[in-house]
Amino acid sequence: MIMPINFRQLEVFRAVADTKSFTRASHVLFISQSTVSQHIRELEDSLNVQLLSRNRRNVSLTPAGERLLEHGRHIFRLLDDAETAAKTIKDPYSGKLSFGCASTTLLYQLPSVLWEYTQKYPHVELAITGGTIQDVAMQMWMGALDLALVVLPLSSPVLEKIVLFEEAFVWAIASKHPLAKKNSLSAADLANERFILNRRGQNTRKLIDRFLFKERITPHVGIELAETEAIKAMVARGLGVSVLPESAFLNARRPKDIWTFPIPRKDLRRTLAIVYPRPRELRPAAVALIEQQYFQALDSSTDKHK
């Protein structure tokens with residue numbers, strides 16, 4: 001007799017799909033690898049279809065596995081929604097709140113915001129997910145996120161946007177660079193320099209490319225990285241110059257071996273916004289996160305560095 005699939009099997013399958021490994025899935029779930037294999041085998045037997053392709057290095061999804069994962073994520077999302085709906089009847093500021101962050105630079109803003117939020121609303125379970133704007137948008141469309149902090153533009157008829165603030169940029173060069181002695185820098189000063197920039201496809205990189213094009217600069221981009229801290233480390237060692245959001249250097253984040261020069265906000269700036277799915281209404285817990293006073297303080301702090 002074929003047994004119907006159950007939530008535990010789906011949970012194990014999701015862990016294997018996410019980690020691309022039976023071993024890593026067992027570590028995530030705190031069960032043995034043999035138990036992971038047993039659940040996957042029973043799941044495939046129940047459905048009479050192969051869900052995973054296995055080789056020595058990793059595990060990949062078959063077309064049937066991709067379809068099951070898509071529906072499985074939706075099922076888990078519905079479970080989270082059901083649990084949250086029940087909890088929030090008694091306490092609107094409780095339950096799970098899934099939050100996405102579409103830029104590593106935005107992580108500079110989040111810790112203080114989230115710390116303040118958790119102090120005020122200890123019964124809200126925050127689930128934070130990072131990634132590119134494409135990753136976050138996909139998870140949003142799949143219903144896996146309640147809201148996300150992104151760099152605009154993000155055009156979608158199914159997403160509502162709430163603009164938070166604008167942020168300026170700076171030129172970043174090593175403190176030992178000959179140009180560090182200048183009082184100010186222009187794009188022309190750096191025209192022949194080697195650049196270290198964010199990876200292509202990120203909205204921040206698109207804004208920078210557009211700015212350099214307007215300045216009639218065709219940059220020699222020697223290094224492309226996803227992590228802002230990695231870019232700063234490369235700049236500090238004199239491997240190139242960069243254009244980075246101002247928040248990467250506020251307060252204690254300004255290394256002694258990097259000098260920054262402001263870029264006029266009228267020439268280059270980025271807009272940060274909260275996005276969430278339509279037509280879903282934001283729960284009180286989500287509204288409270290958006291209205292955190294720290295976001296407003298960030299807008300004021302960046303204004304001081306124009």
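Me: What makes Arg14 count as lying over the face of Phe76?
Reply: Arg14 is 4.0 Å from the ring centre of Phe76 and lies over its face; a charge sits over a ring if NZ of Lys or CZ of Arg is within 6 Å of the ring centre and within 35 degrees of the ring normal, so the term applies. The charged end of Lys232 likewise sits over the ring of Phe249, 5.1 Å from its centre. This is a predicted model, in which local features need pLDDT of at least 70 and side-chain atom pairs count only at 80 or more, while totals for chains, interfaces and linings use all residues. Residues are numbered from 1 along each chain as its sequence is written, and side-chain values use heavy atoms, with hydrogens and water left out.

Me: Why is the pair of Trp171 and Phe211 called tilted?
Reply: Their ring centres are 5.7 Å apart and their planes are at 45 degrees; rings of Phe, Tyr and Trp (its six-membered ring) pair if their centres lie within 6.5 Å, and planes under 30 degrees apart count as stacked, over 60 as edge-to-face and the rest as tilted, so this pair is tilted.

Me: Which parts does the pair tie together?
Reply: Trp171 lies in strand E6 (residues 159-174) and Phe211 in helix H7 (residues 203-214), so the pair ties together parts that are 40 residues apart in sequence; helices (H or I, at least four residues) and strands (E, at least two) are DSSP runs, numbered from the N terminus.
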